[in-house]
Structure formats: structure tokens, C-alpha cells
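Open the model in your viewer and keep the selection panel at hand.

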Amino acid sequence: MSAGGVDAAGAVEFAPPRRRLLPRRLPRGWPLLLVYLIVVGVFIVAGIFADWITLHDPTDQNLVNRLADPVWQAEGSWEHVFGTDGLGRDTFSRLIKGTQTSLIVIATAIPGSLVLGTAIGLLAGWRRGLFDSLSMRLVEVQLAFPALLFALLIAAMLGPSLRNVIVILIVFLWAPYARLVRAEVLSLREREFILAARTIGASDFRLMTRHLLPSVVNSIVILATLNVSIVIIAEASLSFLGAGVGPETISWGKMVSEGRDLLKIRFWLTGFPGITIMIVALVGNLFGDWLRDALDPQLRRRA
Amino acid sequence: MIAHLIPRLLQSIAVVFVVASLVFVGSRLIGDPIKAFSARNATEESIEAARERLGLHDPMIVQYGNFLAGVVQLDFGDSIHTQQPAWNEVRGRLWSTVQLSMAAFVLILVIGVPIGVLAAVRRGSVPDLLARLVALVGQAMPNFWLGLLLIFIFAVRLGWLPTGGRGSFENLILPAITLAGFGAASAMRLTRSGMLDVLSNDYIRTAHAKGLAGRTVILRHALRNALLGLVTVLGITLAQLLAGSIIVEVVFAWPGVGRLIFRSISLRDFPVIQVGVLVIAVWFVVINILVDLSYNVLDPRIRVGSS
């Protein structure tokens with residue numbers, strides 16, 4: 001026993017082990033992973049550079065050239081690759097511009113709900129007490145209620161706008177993070193590395209941010225990835241119902257709703273945005289599953 | 001059992017109360033219903049009279065008190081749009097929404113669960129791969145789009161089924177499939193992973209070893225245990241269906257509560273919104289209690305209150 005206090009043999013677990021930034025070998029199932037990454041890459045690039053990619057102004061109406069056929073139809077031309085809608089607006093340009101809207105919603109709503117939920121979960125799990133029970137009741141109520149209904153109500157109250165959609169999504173998506181993080185913190189708080197950090201006088205804030213947070217980061221990232229499809233579909237559903245983005249914003253959900261009346265003669269006007277939503281949501285889910293298997297072997301399901 | 005139930009009931013009443021209050025605040029924030037309704041040339045006096053009649057002049061706290069007193073007596077005031085009692089408006093459409101939800105729930109049970117079991121038992125086979133693929137796609141498909149796709153294929157192109165409305169059995173098929181889509185996909189995936197977990201247990205090997213028929217092992221020993229984990233999820237699914245039917249009802253012009261709420265929000269018909277949202281909230285709470293109870297019945301190990 002050394003007089004210093006910390007036994008060398010007992011101090012095996014001061015902090016979770018460091019992870020390599022890049023794996024030595026190609027990860028399992030890498031061909032599929034490559035496909036996911038390409039789709040994600042295209043989605044992000046199209047979203048960021050939407051204004052440079054679109055050949056036409058996506059809001060430009062042209063009543064002379066309304067309902068133009070897409071390029072593979074006899075009447076189609078490369079001028080409007082995916083044809084035009086009932087007001088003569090270029091479908092391809094609108095899809096790209098809609099990608100931007102989806103990207104904005106994902107890039108704000110997911111980090112927003114993640115930070116809020118993680119902070120509440122950390123505090124609830126570490127401090128326990130009144131804050132814990134209050135926030136967990138709130139989580140229960142939130143998880144038990146029909147999100148869409150309340151989102152619709154809130155959207156109707158505040159009026160449709162992109163900002164309101166983001167706020168609504170954050171309000172509805174923080175709860176799973178809080179519950180997950182709290183549960184992990186509860187099991188971590190008795191571990192030796194936390195005890196050791198406390199013994200040498202680490203503050204609560206330091207414990208939470210430097211010791212607990214790194215240990216729960218994997219789970220949070222997995223949840224966030226699996227949330228991508230939820231966010232995409234929720235935004236599209238609200239916009240489809242007219243309670244989503246405002247009239248000035250182009251969204252895939254709104255495009256589906258606009259094409260609805262033309263379903264009989266121009267199915268692709270609802271088909272393109274619908275398929276796009278589906279591909280992004282699908283890849284989000286698949287990538288999330290892959291990430292869960294890769295990051296968390298204990299959680300690995302035979303699915 | 002009773003001792004366990006009472007706190008749950010109190011908690012549920014508290015939840016319904018909170019929802020009622022939120023709905024009250026929410027529906028007052030939507031906007032001025034009188035403005036939305038009165039004819040453009042309505043006189044100041046007639047607008048004032050309408051406000052007076054609806055009690056919109058009273059202080060908020062009085063309106064809130066009246067509202068809560070009304071909730072207890074199922075009196076929510078008249079619909080601003082149709083002048084009929086709001087409760088009657090909702091009650092008249094409740095059955096058609098319940099019908100749609102139940103049809104979807106039955107589909108989830110008879111499609112999602114058996115396919116999940118089959119996929120787990122025949123793990124890695126072609127049916128397993130197909131089922132997983134369909135479930136993945138089903139979970140990624142927004143239900144409004146699935147609905148429009150089905151309308152396009154079966155109503156517009158093939159002409160087999162009507163595009164919307166309610167009446168005959170044929171009207172129910174497409175909306176029920178649309179509403180069931182996501183839930184069936186989730187149920188399938190969860191049944192499959194639940195079954196795989198159970199099938200790896202020692203007692204399953206024992207059951208096989210002592211010579212039980214494969215069917216008995218799967219149904220009696222494995223499925224019963226796998227169902228435990230499923231009950232909660234199926235309960236949540238059932239509760240979500242009622243809310244999820246908003247979109248499906250709008251897509252298929254199905255005359256239910258969801259479509260009524262959707263229309264009432266745009267018309268700012270707040271008495272109807274309040275009843276509609278409260279009905280769905282009560283439905284949620286009831287389902288949650290039932291799930292709790294069924295859990296106790298199904299799993300003797302956690303039977304609460306008997307000890």
C-alpha cells in the first residue's frame with residue numbers, strides 16, 4: 001500500500017479506454033456501408049449546395065409549360081428532367097431545394113433534442129432526487145402521448161413555419177435521450193473510475209462532462225442516427241397536413257400533398273418526393289442499425 | 001392487484017387533467033374563432049353578441065373553470081362551426097375511427113406477429129430475408145405516401161377498390177392497410193428479435209431434447225415468453241393507431257375523429273378540438289392501464305400487489 005492513496009492495481013479504470021479514430025481493417029459489411037455513405041453524402045451535398053445545383057428557380061411558375069413530362073416520356077426533355085408540376089415549376093429543382101429543408105431540420109432538431117435530453121438525463125441520473133423524479137414523470141407523459149396530435153395542435157397555434165417545426169421536433173424528441181442517458185448514468189455512477197475521480201476531488205460538472213458523458217456517447221450517437229428517419233417522416237407528415245413548414249419553404253411532404261390532386265394523371269409528382277423520403281429514412285435506419293452493431297457489441301441483436 | 005391499480009388510476013386522471021389544461025390553453029392560442037367565422041360584412045354588434053354568447057369575454061380563469069366543469073359533465077359547448085354540441089360531433093365519428101384502428105390492429109396481429117415468428121424460426125432463409133426487407137421498407141415509408149401509393153395502384157390503375165370514403169367493406173381495406181403498415185413492420189421486427197432471444201435459452205433446448213414436437217416448442221414454450229416483451233409494444237402501437245389515423249383519415253376522406261380534429265384546427269373550432277384531443281388522451285391512458293394489467297396477468301414473476 002502506497003501512502004499516496006491510489007493503489008496502482010486498483011486504478012485500472014480511471015477513464016474509459018481510448019478508441020482508435022480509424023479502424024485497422026475494413027469494417028464488417030463494408031460494401032453496404034459504402035452505399036449508405038454515398039446516399040448520405042449525396043443528401044448532404046445536395047442540401048448544402050441546393051442553390052447551385054438547381055437548374056431552375058424552384059419557385060418559378062410557368063403556366064405555359066405546366067405538367068411537362070419527365071425526360072423518359074415521349075414528350076419529355078432534359079430541360080425539366082423530372083417534368084414540371086401543376087404550376088409549371090421544375091420538379092427536380094424542387095426536390096433538391098426540399099433536400100435542403102430536410103437537411104436543415106435534421107441538422108437542428110437532432111442536435112437540439114440530443115443536447116437537451118442528454119443534459120437532463122445526466123443531471124437526473126447523477127443528482128437523483130426531486131429533479132430526477134420530476135423529469136422522469138415528464139418523460140413518461142411525453143412518451144405516452146400521441147406526438148403527431150400535439151404537434152398538429154402546436155403547429156396550428158404558432159402557425160406553420162420551418163422554425164416552429166424544429167421547435168416542435170426538439171420538444172418531442174428529447175425524452176428518449178433523457179431516459180437512455182439517465183439509465184446508463186445510474187449504472188455507471190457506482191463504478192470504480194467514477195469513485196476514483198470523486199476521490200481526487202473532481203467537481204460534479206467535471207464528473208458529468210469528462211467522465212460520464214464519454215461513456216454514454218456511443219448510445220446517444222446510435223439513437224440520434226436512428227432518429228433521422230423519425231425526423232424526416234415527422235416533418236414530411238406535418239408539412240403534408242399543412243401544419244409543417246411555411247408557405248415560402250419547399251418540403252418533400254408538401255410536394256406529396258401538392259401532387260395529390262394530380263395523382264390520376266401525374267403519379268410521379270407524389271412519387272418522386274415519396275421515394276426520396278423513403279430512401280433517406282431507410283438509409284438512416286440501416287446506418288443506425290449498422291452503427292449499433294459496430295459500436296455496441298453487447299447490444300448486438302441478431303437482427 | 002387493486003392496491004397497484006389505484007395509484008395508476010390517480011396518475012392517469014392527473015395526466016388527463018394536464019392534457020385537458022394544455023388543450024384549453026392551446027385552443028385559446030390558435031386565434032380568434034369569431035374572426036374566422038363571421039361574414040366579412042358582419043356588424044360590430046353581431047360579433048360582440050357572438051363573443052358574449054360563447055363566453056369569450058369572461059376572464060380566462062373563469063373560462064377555464066367553466067371548461068373543467070364542462071369536461072366532468074361531458075359538456076364542452078357547441079361546435080362553433082355546426083352549432084351542434086361538440087361532444088355529439090365527436091361521438092358521431094368515434095365509431096368509424098375505432099373501426100379503422102381495430103381493423104389495422106388486427107392486420108398487425110395477423111401479419112406482423114406470425115411473420116416475425118416464421119422469420120425467427122427459419123433464420124437466414126429466403127422468407128426471413130424477404131420479411132426483413134419488407135419490414136425495413138415499411139418502417140421507412142411515411143403513411144400518407146403509402147396511402148397515396150395504394151390509391152394509385154388499387155383504385156386508379158386497377159380500379160379494384162374505391163379511393164376513399166366510408167360505407168362498404170371495400171372502403172375499409174386500403175385505409176386499414178395504410179394505418180397498419182408501420183405497426184406491422186415494427187411488430188414483425190420485434191417479434192423476430194424477441195423470438196431469437198427466447199430460442200437461444202436452455203429451456204428451449206431441453207424442450208427439444210425431451211422430444212416435444214417442434215410446433216409445441218415454438219408455440220407453447222418460445223412464443224409465450226416472447227409475447228411478454230411484445231405486449232407493451234403492441235399496446236403502445238394500439239394507442240398510436242388512434243392518433244396515427246389522423247393522416248390516414250385525411251388521405252382517404254375517412255369520416256372519423258382524426259379528420260374532424262384536422263378540420264377543426266383549420267376552422268379554429270375549439271370546442272371540437274378539445275373533445276377530440278381529450279378523447280384520444282383518455283384512449284391512451286386506458287390502453288396504458290390495460291397493458292400494465294395484462295403484463296401482470298401474463299407474467300406471474302412480476303405479479304404486483306399479491307405479495
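Select D289(A) and R189(B): their side chains meet in a salt bridge, 2.8 Å from N to O. A salt bridge here is a side-chain nitrogen of Lys or Arg within 4 Å of a carboxyl oxygen of Asp or Glu. The rule finds one salt bridge across the interface of chain B and chain A.

This is a predicted model, in which local features need pLDDT of at least 70, side-chain atom pairs count only at pLDDT 80 or more, and totals for chains, interfaces and linings use all residues. Residues are numbered from 1 along each chain as its sequence is written, chains are lettered from A in the order in which they are written, and side-chain values use heavy atoms, without hydrogens and water.

Next, show the whole interface. Here 45 residues of chain B are in contact (heavy atoms within 4.5 Å) with 38 residues of chain A. The two chains bury about 3800 Å² between them, 76% of it on carbon and sulfur atoms. That is accessible area (1.4 Å probe) lost on being put together, summed over both. Now pick F144(B), W145(B) and L148(B): in chain B they lose the most area to chain A, together 16% of what that side buries.

Move to the largest nonpolar core, with 135 residues. Such a core joins buried (under 20% relative accessible area) Ala, Val, Leu, Ile, Met, Phe, Trp, Tyr and Cys through side-chain atoms within 4.5 Å. I232(A), W252(A) and F144(B) are among the members that touch the most others. Center on I232(A): its contacts beyond four places in sequence include F43(A), S102(A) and I277(A).

Last, select V113(B), A207(B), V217(B) and I218(B), which belong to a second, separate core of 13 residues.

Conventions. Buried means under 20% relative accessible area, exposed over 50%, partly exposed in between (1.4 Å probe, protein chains only).
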